[in-house]
Amino acid sequence: MDIQINQQTLSVADAATLAEALAAYGAKPPFAAAVNGQFVPKTQYAARQLVQGDKVDVVQPVAGG
């Protein structure tokens, strides 16, 4: 199935979890993730199943002053 991560299309297995999709995308910690605009706690990445067309946003913290 196809999903979008940071506006890039990514093909993942049917019933893939958020954790699997993030690994396939190559996300490097630290980061936060949201699916369809809803924040997903890191403890739920392995349990959060994705469906065709889901939009995932991966945001990394920015340091500055």
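In this predicted model, the largest nonpolar core comprises 17 residues. I3, I5, V12, L18, L22, L50 and V56 have the most contacts inside this core. Two or more core residues come from each of β1 (2-5), α1 (18-25), β3 (32-35) and β5 (55-59). The largest share, 3 residues, is supplied by α1.

**Contacts of V56**
- V56 is one of the core residues with the most contacts inside the core.
- Leaving aside residues up to four places away in sequence, V56 touches I3, Q4, I5 and N6, as well as L18 and L22.

**Secondary structure**
- The protein chain contains 1 helix and 5 strands.
- Along the sequence, these elements follow the order β-β-α-β-β-β.

**Dimensions and packing**
- The radius of gyration of the protein chain is 11 Å, which agrees with the value near 11 Å for a compact globule of 65 residues.
- Taken along the principal axes, the box filled by the C-alpha atoms is roughly 40 × 25 × 20 Å.
- Buried residues make up 31% of the 65 residues in the protein chain.
- Of the contacts between residues at least 6 apart in sequence, 50% join residues at least 24 apart.

**Surface and charge**
- The protein chain has an accessible surface of about 4,300 Å², and carbon and sulfur atoms account for 53% of that surface.
- There are 4 positive and 5 negative side chains in the protein chain.
- The centres of the positive and negative sets lie 9 Å apart.

Terms used: Residues numbered from 1 in each chain as written. Predicted model: local features only at pLDDT ≥ 70, side-chain atom pairs only at ≥ 80, totals over all residues. Heavy atoms only, no water. Helix = DSSP H or I, 4+ residues; strand = E, 2+ residues; numbered from the N terminus. Rg over C-alpha atoms; globule rule 2.2 N^0.38 Å. Buried < 20%, exposed > 50% of the residue type's maximum accessible area, 1.4 Å probe, protein only. Contact = heavy atoms within 4.5 Å. Areas by Shrake-Rupley, 256 points an atom, 1.4 Å probe, with all protein chains shown as cover. Lys, Arg positive; Asp, Glu negative; His and termini not counted. Charge placed at Lys NZ, Arg CZ, Asp CG, Glu CD. Core = buried A, V, L, I, M, F, W, Y, C linked by side-chain atoms within 4.5 Å.
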